[in-house]
Structure formats: structure tokens, C-alpha cells
Amino acid sequence: MVDTLDKAARSRNMSRIRGKNTKPELIVRKFLHSRGVRFRLHGKALCGKPDIILRKYRAVIFVHGCFWHRHENCRLAYTPNSRIDFWAKKFEMNQERDKRVHSTLKKDGWRVLTIWECALRSKDIELHLSEAYHWIISTIPEKVIEDIGLGYDKRLPRSNVDDIHNSEGV
Ligand SMILES: [Zn+2]
């Protein structure tokens, strides 16, 4: 069966997700670095292999792609219009795993931050990153950072990453 998420669209989507300079996770890592926050990546020993681990703050960060992790009411989480059963099953599995991982980590005493991709593609990206920083240094058990309905810039100019650094005087 042919997937109507055609090649061009798919590769656009992939480059949005995996693009070297636009990779959402990389933006978060660069930001943390600029704030002098030390972290580790992809903790294999931890449930769900969180993207970023901050042991000192007993915190983990997941940078979730809105499409794969099905960010509710988000324009990036569109539903493909073919192979509906295939996608529905895949999405359901992803969501169930996320829930399971989340509750296991919390049970083990980790604080959990979820940053949705849309927040990092938003015009308010600096605000969202600053929210993330304030959560890290807090004792709040969990937080979700998202950008539903706010200024959305799908181009995410490469200079965004540098701008953040510059504004931090780094
Ligand atoms: Zn989203």
C-alpha cells in the first residue's frame, strides 16, 4: 500500500526532525550549556532513555517530536490519511510507552520535564527555554513546555541557536 505521506513530505518532515542545526534536542543542549548546566545524554540505565539527564537536579528532560509522540491539539501532530490502522497502532504504542516511562521515572524519584518540539520552533523559543531553566533549578516534580496556538515559526532559522547564545552574552 502506498503511503500518501509522500516522499517529499516525509523528507521535509525528517529534515525538520533530524536537521543538523534545527534538531530540537540540540537547541536544548546548547541552551543548557550556555547556562552552565551540566548534563548527560540518553541515560541508558534509566527507564525510557531520557534525552537529557541532570543528576545534580535529579531531573530528566524529554524533547518530544509532536508528530511521533502525538502532541494533543498541536498542528505538528497531523494524522496521515492512509494506512490509518498502522499509524493508529504505532501512535498508541508510543503514547503508552511515554506514560509508562513517565510514571516509572517519577516513582524512582526523578523530576520529569517534557519539552514539545513546537515550543522550540516557536517565536517564543527563548521564553520557553527560560521556562525550562527555571524548572530545572526548582523542585517542581514535573512540567510540560509546549506552544499550542502561539507564534509558530516552522522555518526555525538557524540563527535562532546563535541568537540565544548571544542574548546570554556567551
Ligand atoms: Zn506540539
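**Entry 1: the chain as a whole**

I counted 6 helices and 5 strands in the protein chain. I noted that I am working with a predicted model. Reading from the N terminus, I get the order α-α-β-β-β-α-β-α-α-β-α. The chain has 170 residues, and 27% of them count as buried. I also looked at contacts between residues at least 6 apart in sequence; 68% of these join residues at least 24 apart.

**Entry 2: the sheet**

I traced the sheet next. Its 5 strands are ordered β1-β2-β3-β4-β5. The sheet is open, and its pairing is mixed. Which strands stand at the edges? I found β1 (40–41) and β5 (142–145) there. Each has a single partner strand, so one side of each lacks a neighbour in the sheet.

I reminded myself that strands of a sheet pair through backbone hydrogen bonds, either parallel or antiparallel. Then I went pair by pair.

- β1 and β2 (residues 52–54) run antiparallel, joined by 2 bridges. Here Leu41 stands opposite Ile52.
- β2 and β3 are also paired in the antiparallel sense, over 3 bridges. Ile52 has Ile61 of β3 as its bridge partner.
- β3 and β4 run parallel, with 6 bridges between them. Val63 has Ile115 of β4 as its bridge partner.

I looked at the connections too. β2 and β3 form a hairpin with 4 residues between them. In that turn, Arg58 has a positive phi of about 50°. From β3 to β4 the chain passes through helix α3 (residues 84–107), and the three make a right-handed β-α-β unit.

**Entry 3: strand β3**

Is β3 buried or exposed? I checked its residues, and 6 of the 6 are buried, so the strand is largely enclosed by the rest of the structure. Ala59, Ile61 and Val63 point one way from β3. Val60, Phe62 and His64 point the other way.

**Entry 4: helix α2**

I moved to α2, residues 24–34. Its buried residues include Pro24, Glu25, Ile27, Val28 and Phe31. I looked down the helix axis and found the buried residues within an arc of 160°, so they line one face of α2. The helix lies across β2, β3 (59–64) and β4 (111–116). It runs at about 145° to β3. Just after α2, I found Gly36 with a positive phi of about 75°.

**Entry 5: the nonpolar core**

In soluble globular proteins, nonpolar side chains tend to be buried together. I looked for this here. The largest nonpolar core has 29 residues. Which of them touch the most other members? They are Val28, Ile61, Ile115 and Ala132. The elements giving two or more residues to this core are α2, β2, β3, β4, α4 (117–120) and α5 (125–136).

I picked Ile115 and listed its contacts, leaving aside neighbours within four places in sequence. They are Val28, Ile61, Val63, Leu120, Ala132 and Ile145.

**Entry 6: Glu131**

Last, I looked up Glu131, which lies in helix α5. How many other C-beta atoms lie within 10 Å of Glu131? I found 16. A buried residue needs 20 or more and an exposed one has 12 or fewer, so Glu131 is partly exposed. Glu131 and Ile145 are 14 residues apart along the chain. Their C-alpha atoms are separated by 7.7 Å.

Methods. Residues are numbered from 1 along each chain as its sequence is written. This is a predicted model: local features need pLDDT of at least 70, side-chain atom pairs count only at pLDDT 80 or more; totals for chains, interfaces and linings use all residues. The arc is that of the directions from the helix axis to the C-beta atoms. Two strands pair if DSSP finds at least two bridges between them. Two residues are in contact if their C-beta atoms, placed from the backbone, lie within 7 Å. Axes are lines fitted to C-alpha atoms, for helices over the stretch in contact, and angles run from 0 to 180 degrees between N-to-C directions. A crossover is right-handed if, with the strands pointing away from the viewer, the path from the first strand over the helix to the second runs clockwise. A nonpolar core is a set of buried Ala, Val, Leu, Ile, Met, Phe, Trp, Tyr and Cys residues joined through C-beta atoms within 7 Å.
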